[in-house]
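Reader: Could you walk me through the cross-links, rings and overall dimensions of this chain? I would like the cut-offs along the way, please.

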Amino acid sequence: IAPCVLSFHTEPQRSAYAAATGRTRLVLRIATDSLALHFSDEFGPACQTRGAGCPDELPELAASEAGQALCGRLFVELWADNSEGFPFPSSCFFGGPVVDQYTWGEKRYRELFIDFSPMNGLTANSRYVIVLHAKAQLIRAGQQLLDLYTMCADQEGICQRPYTVFERSVATATNSSIAGASASAGEPRLAEGGFRILPASIEDDDADALELTPGTKLRLSIFADDAQRLDAVGSGGITLRLFLWPLTQWSIGTAPCSAALECPRQNRSDCPQLLCIPEAIVEDRLASRYNVLLLELPGAELANATAKDPLILSVDSLVLPAGGFLPRRLSAELAIDGVLPSYAASVGTVWRHPNDGETACSFFFLDRSGNGPRPFVGQVNLLTLKLRVGAALGPRAVVKFLAPSGFGCSGIRGGKSSRGAAWSLTLDPGRTGAVCSGRLEDAIRLHYGQVLYFEIDVQNPRSPVRRGAAENTWMVELSNRGDTQRLRSNFSSNTQAALLPGGSGLWSGSTSVLQVLAGAVL
């Protein structure tokens with residue numbers, strides 16, 4: 001079982017995307033004799049060695065109930081290269097196995113469906129990437145693995161009948177499959193726990209998760225089972241591919257990276273440098289994303305590495321993603337002379353706080369006051385928020401809006417976008433004074449760059465507040481239930497909000513609270 005990455009680009013001149021006002025749908029028809037689909041749950045370190053902690057395979061029966069939570073269970077990552085990100089799905093579901101009979105034979109497949117609410121679907125001239133889990137059968141490079149359709153899901157808008165297709169394409173394999181290392185044959189392979197993320201320096205305490213900040217050294221420990229044969233492998237024969245998750249966020253460039261062994265056993269200060277070359281999982285003629293490190297390892301040192309005395313290597317000066325993500329594992333593939341690969345998830349996790357401005361949140365106003373329909377002191381106002389998610393969250397995501405002193409919160413739900421699209425969010429609302437908390441249903445994921453709209457009911461202070469006052473600062477906090485990390489960002493400044501479509505007449509980084517005019521005489 002391993003990640004499968006699908007990349008596609010919509011036609012620049014396809015006007016149907018913008019014209020559609022009803023629900024739309026993306027359909028992935030996947031050849032099941034080539035790929036066995038699995039759910040998106042994270043790999044455990046023992047998945048490949050003894051089958052523990054592996055994502056379950058999709059059941060034979062079709063999904064009994066569609067929903068947003070099923071999107072999170074089917075897809076590991078969703079990404080788009082436009083300013084609105086991959087549109088937040090309204091629902092997902094999957095069909096059962098299908099066999100089509102032809103004169104030349106049969107074709108086996110099953111379909112995955114992603115539905116989008118009206119005015120919130122895919123757009124023309126955009127690149128999209130989908131990451132899911134699958135187990136590959138015998139595959140050759142260039143083999144067709146998938147049919148892809150974008151279409152109407154009902155008869156609203158431009159669709160005179162349901163399922164009118166906007167575009168259809170096929171996806172082919174970029175590489176051929178190769179047989180993995182076998183434990184029964186005594187072939188060297190990554191051991192259980194043989195790929196571990198270490199603290200940034202020897203002096204650091206072993207924290208639960210390594211925070212990646214500029215200048216952080218990524219330190220890894222490696223050891224293999226049945227490693228004795230590695231001693232005889234020639235220079236450059238042993239490679240370790242390091243997969244940087246989330247795959248759709250990393251883009252480390254094409255320049256060779258800096259990597260070296262650490263040699264605490266020999267007490268050496270001149271540990272050898274390692275060849276370190278960036279690679280892209282998907283080579284795209286428009287925009288390849290380099291998210292893999294290819295390292296050459298010395299056979300003699302790896303052959304002598306054990307669980308108590310592993311091979312330790314470090315990678316310096318990585319180009320970090322602009323966006324953030326909460327703790328997650330990396331993964332690695334060990335191969336000998338380009339064959340007999342073994343794949344493992346790391347023991348230990350990494351996380352990153354997004355750069356300033358990556359998480360962006362602004363108020364959206366259409367009322368006459370420009371501060372919501374009930375902007376006066378003491379009233380309960382209705383505020384609409386636009387949130388651009390600057391980090392990958394889930395599958396237990398929590399979004400909190402932290403109001404300034406004097407404000408209170410009495411409700412939160414999905415809102416309507418500036419185009420009129422309704423955001424249907426499965427939220428478990430929580431309220432604590434000035435905090436509006438929306439806990440998404442288990443398994444729902446939020447992906448970097450996605451845009452969501454919320455409505456919150458806010459109790460206004462009993463004194464007027466100026467929009468630009470220093471104390472009138474709203475914050476958004478992103479987290480996962482069970483993780484200790486909290487990704488906090490201030491709302492967009494009024495200057496930033498003015499750059500959004502419609503300008504400062506529609507958007508603002510804060511809201512005023514007005515005093516009721518008393519004693520007015522006409």
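Predicted model: local features only at pLDDT ≥ 70, side-chain atom pairs only at ≥ 80, totals over all residues.

Reader: Thanks! Is Cys 54 buried or partly exposed?

Author: Cys 54 is bonded to Cys 47, with the two sulfur atoms 2.0 Å apart, and the link is right-handed, with 115° about the S-S bond. For accessibility, buried means under 20% relative accessible area, exposed over 50% and partly exposed in between, using a 1.4 Å probe and protein chains only. Cys 47 has 5% and is therefore buried. Cys 54 has 23%, so the class is partly exposed.

Reader: Which strand holds Cys 92?

Author: Cys 92 is joined to Cys 71 by a disulfide with an S to S distance of 2.0 Å, and this right-handed link has 100° about the S-S bond. The pair ties together distant parts of the chain, 21 residues apart, with Cys 71 in helix H3 (residues 68-74) and Cys 92 in a strand spanning residues 91-94. Helices (H or I, at least four residues) and strands (E, at least two) are DSSP runs, numbered from the N terminus. On that numbering, the strand of Cys 92 is E5.

Reader: Why is the disulfide of Cys 409 and Cys 436 called right-handed?

Author: Cys 409 and Cys 436 are linked with an S to S distance of 1.7 Å. The pair connects distant parts of the chain, 27 residues apart: Cys 409 is in strand E28 (residues 408-414) and Cys 436 in strand E30 (residues 435-440). Cys 409 is buried at 12%, and Cys 436 is buried at 3%. The disulfide is right-handed because the torsion about its S-S bond is about 115°.

Reader: Which cysteine sulfur is nearest to that of Cys 361?

Author: Cys 361 is in no disulfide, and the nearest cysteine sulfur is 11 Å away. Cys 361 is also buried, at 0% relative accessibility. The nearest sulfur belongs to Cys 436.

Reader: On to the rings: what kind of aromatic pair do Phe 363 and Phe 491 form?

Author: The structure holds 17 aromatic pairs, where rings of Phe, Tyr and Trp (its six-membered ring) pair if their centres lie within 6.5 Å; planes under 30 degrees apart count as stacked, over 60 as edge-to-face and the rest as tilted. Phe 363 and Phe 491 are 5.3 Å apart centre to centre, with 45° between the planes, making the pair tilted.

Reader: Where in the chain is Phe 491?

Author: Phe 363 and Phe 491 are 128 residues apart, with Phe 363 in strand E24 (residues 360-364). Phe 363 is buried at 0%, and Phe 491 is buried at 6%. Both belong to one aromatic cluster, together with Phe 365, Phe 401, Phe 407, Phe 454 and Trp 474. Phe 491 itself is in the loop between strand E33 (487-490) and helix H5 (494-497).

Reader: Which charged residue sits over the ring of Trp 79?

Author: A charge sits over a ring if NZ of Lys or CZ of Arg is within 6 Å of the ring centre and within 35 degrees of the ring normal. One case is Arg 73, over the face of Phe 39 at 3.9 Å from the ring centre. Over Trp 79, at 4.6 Å from the ring centre, is the charged end of Arg 289.

Reader: Finally, what is the radius of gyration of the chain?

Author: The chain has five helices and 34 strands. The radius of gyration is taken over C-alpha atoms, and the globule rule is 2.2 Å times the number of residues to the power 0.38. For 522 residues that rule gives 24 Å, close to the chain's own value, so the chain is as compact as a globular protein of that length, with a radius of gyration of 26 Å.

How values were computed
Residues numbered from 1 in each chain as written. Heavy atoms only, no water. Disulfide = S-S within 2.5 Å.
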